[in-house]
Amino acid sequence: MINICFMGNPKFAVRTLDVLYNDENIDVKLVVSSPDKKRNRGKVTPTEIKKYAEDKGIDVLTPKTVNSPEFVEGLKELDIDYIVVVAFGQLIGKDLLEAYEDRIINLHPSILPAYRGASPMQFSLLNGDNVTAATTMLIEKGMDSGDILIQEEVPIEDSDDYTSLEEKLSEIGAKAIRKTILNFDEVYKNREKQDDSQATFCTKITKDMGRIDWNKSSSEIINKIRAFVEYPAAFFVYEGSNVKVYKAEIAQGYEGKPGFVYEANPKEKIVIGTKDGAIRVEKIQFPGKKAMDTKSFLMGNTFEEKITLANE
């Protein structure tokens, strides 16, 4: 039996934990997640990983840091073979790295060395990439710079947004982690060092990054909407309010007049000019309202035509 300590937080990590938990050759001895915190509407709630662990009766800890001597000693007492890290958020410190040298395995959703950092899926979509990957790798002290163990490429379709891409990568990544653990000696022997000269980095996503700049091209704006569909949501300012856009398509036959509202009716929906054409808004949300398809919104609400939206 292979003893595992699993570290993770969000929904993306749940599929990997589920696959490991249900494998007869693997014993998830301990789950480690971040402390409960205020999330939706100020309610204190646990992470998705903690909820899963508690539901399955797996021992779960939520330390402020995993880098204390007490935590490292506790893992040794559990006879842990491998630590699996998926979207955990805490840096793994020197003591833990030394105690489990070459036995801390991370799942990173990008074609490393591209998109090291906190938001690789969003940046793959932002940049209009047509392929990404689920990569299992060894953790070292550098940011996502450890040796690659397995890298499974995943196509990004034009119809993909963050939600669908996350689902695909979580499924393929979970299988890659399982394969890595069950065949570790062979996988480790064939590991590949990353070429640091080819590394690119992505930043943490902030709310203001969702602001739509109508001076960008239609494809750039569509990519932003796809990338930020879950957080923070792409938005523009209309009559002093931030209006969120969850789905849009390139509208054909319009000249590039950035921010100009060409159409706003149930038949054509809302068509807004960009640097090189226009986009048609398919799903929209006004402050205090539910997100809804634009046609339905316009059957009960108005949106002014033939105006130019500001970028500020």
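**Reading the model, feature by feature**

Analyst: Buried means under 20% relative accessible area, exposed means over 50%, and partly exposed lies in between, with a 1.4 Å probe and protein chains only. This is a predicted model, where local features need pLDDT of at least 70, side-chain atom pairs count only at pLDDT 80 or more, and totals for chains, interfaces and linings use all residues. Residues are numbered from 1 along each chain as its sequence is written, and side-chain values use heavy atoms, leaving out hydrogens and water.

User: How much of the chain is buried?

Analyst: Of its 312 residues, 50% are buried. The chain exposes about 16000 Å², and carbon and sulfur atoms supply 46% of that. Such areas come from the Shrake-Rupley method with a 1.4 Å probe; for residues, only the protein chains shown count as cover.

User: Is G288 buried or exposed?

Analyst: G288 counts as exposed because its relative accessibility is 84%. It sits in the loop between β16 (278-285) and β17 (292-293). Now compare sequence with space: G288 and E77 are 211 residues apart in sequence and 51 Å apart C-alpha to C-alpha.

User: What do contacts show about the chain?

Analyst: A contact means heavy atoms within 4.5 Å. Take the contacts between residues at least 6 apart in sequence: 66% of them join residues at least 24 apart.

User: How do I read an aromatic pair?

Analyst: Rings of Phe, Tyr and Trp (its six-membered ring) pair if their centres lie within 6.5 Å. Planes under 30 degrees apart count as stacked, over 60 as edge-to-face, and the rest as tilted. By this rule there are 11 aromatic pairs. One is F184 with Y188: this pair is stacked, at 5.6 Å centre to centre and 25° between the planes. Both residues lie in helix α7 (residues 184-189), four residues apart, about one turn of the helix. F184 is buried, at 7% relative accessible area, while Y188 is partly exposed, at 22%.

User: Why is the pair of Y254 and Y262 called tilted?

Analyst: Their planes stand at 55° and the ring centres are 4.9 Å apart, so the pair is tilted. Ring pairs can also link up: W214, F236, Y238, F286, F297 and F303 form a cluster in this way.

User: What is the volume of the largest pocket, and what lines it?

Analyst: A pocket is an open set of points on a 1 Å grid over the protein atoms alone, where a 1.4 Å probe fits, with protein on both sides within 12 Å along at least five of seven lines. Lining residues have an atom within 4 Å of a point. The largest pocket has a volume of about 2100 Å³, the space filled by probe spheres set on the points, which are joined across faces, edges and corners. It has 48 lining residues, and the closest to its centre are N9, P10, A87, A118 and K204.

User: What about the second largest pocket?

Analyst: It holds about 400 Å³ of space. Of its 20 lining residues, the closest to its centre are D158, S159, D160, I222 and R226. α8 (218-227) and β13 (241-251) each supply at least two residues of that lining.
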